[in-house]
Amino acid sequence: MRIAVLSTMLLLAVPVQPVFAGGLTVLGGLALSFAPGGDRAKRDDFNAYVEGDFADFYIGASTDIYNDKVSDEVDLSFGYRNTTAGGLSYDASYTRNIYPNDGGDCCADYALSLGLPLNDKLTGTVDANYYTTDQTSDAHATLDYALNDKITLTGKIGVVQNAGAPDTKEWELAGSYALGAETAVKLHYYKGTDYKGYLGLDLTWDATLFGG
C-alpha cells in the first residue's frame, strides 16, 4: 500500500506536462521528522509530496507514513495562491484527508494563509483551518526572522478548537538551517495547554521537478 501511494503521487504530474508545458511548474519534496514526545502514534514521520502549479492555481498530493500504520494519511489538495502589489501573500485551499489503514476517505478542511514581510528579515503569517466533519477550527500566528541566508528563527502561537473539550492553546519555537539550496534541518520545541513540551527534528528536501 505504501509503495503504491508514493508511486501514484509521483505519476500525477507526468500526464499533464505536455499540455501545460508553457506555464506549468511541478514541485516535490521529502521530509523525515522525529519527536520523542507528543502523539505516540506520530513520533516518526516520513512525508512525500508533489504539487503542480499553473496560473496561480495548484493541485497536490502528499502522504505521511508514521510508526503507527493506522495513522498513515494521504491528503489531496486544490488551491489558489498569489501576492498583492503591496506584498501581501494569500493562499486559499481545500484538502481531502484519506486514511488508507483506518477507513479510507475521512474528512476535509478549508484553509487560508496570509503572509506579509514586515522588513527585509522579518515575515508575519496568519493561518486558519476549518474542519468540516466536526465543525472545529484552529488559528495560528507565526513570525519568521532570517538571521542570515542560512539560519531562520521561528515563533508560533495558536489556538485549536476541540470537539466536546476545552480549546488547546499552543506555541512553538524553531530554528532552521539550510544545508543547501534544496535541503534543510529544523529543530522545534512544542508546548500546549493539554500536552507537555517536547522537541522535534525535521530533515527536508524540496525541489522544482519541472518548469519554474
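Colleague: What is the relative accessible area of tyrosine 80?

Modeller: This model is predicted. Buried means under 20% and exposed means over 50%. Tyrosine 80 falls in between, so this residue is partly exposed, with a relative accessible area of 25%.

Colleague: How many aromatic pairs does a search of the whole structure find?

Modeller: Rings pair if their centres lie within 6.5 Å. By that rule, the search of the whole structure gives a count of seven.

Colleague: Are the rings of phenylalanine 57 and phenylalanine 78 stacked or edge-to-face?

Modeller: Their centres are 6.1 Å apart, and their planes meet at 20°. Planes under 30 degrees apart count as stacked, and those over 60 as edge-to-face. So the pair is stacked.

Colleague: How many residues apart in sequence are the parts this pair ties together?

Modeller: Phenylalanine 57 lies in strand 3, residues 57-66. Phenylalanine 78 lies in strand 4, residues 73-83. So the pair ties together parts whose separation in sequence is 21 residues.

Colleague: In which strand is tyrosine 90?

Modeller: Tyrosine 80 and tyrosine 90 are 10 residues apart, and the pair links distant parts of the chain. Tyrosine 80 is in strand 4. Tyrosine 90, partly exposed at 28%, is in strand 5.

Colleague: Which residues form one aromatic cluster?

Modeller: Take the two pairs together. The cluster is formed by Phe57, Phe78, Tyr80 and Tyr90.

Colleague: Which residue lies over the face of tyrosine 58?

Modeller: A charge over a ring must be within 6 Å of the ring centre. Here the distance is 3.9 Å. The residue over tyrosine 58 is arginine 81.

Colleague: What is phi of glutamine 135 near?

Modeller: Most residues other than glycine have a negative phi. Glutamine 135 is in the loop between strand 7 and strand 8, and this residue is exposed at 56%. Its phi is positive, near 55°.

Colleague: Where is aspartate 56?

Modeller: Aspartate 56 has a positive phi too, near 75°. At 36% relative accessibility, aspartate 56 counts as partly exposed. Its place is the loop between strand 2 and strand 3.

Definitions and conventions:
Residues numbered from 1 in each chain as written. Predicted model: local features only at pLDDT ≥ 70, side-chain atom pairs only at ≥ 80, totals over all residues. Heavy atoms only, no water. Phe/Tyr/Trp six-rings, centres within 6.5 Å; stacked < 30°, edge-to-face > 60°. Helix = DSSP H or I, 4+ residues; strand = E, 2+ residues; numbered from the N terminus. Buried < 20%, exposed > 50% of the residue type's maximum accessible area, 1.4 Å probe, protein only. Lys NZ or Arg CZ within 6 Å of the ring centre and 35° of its normal.
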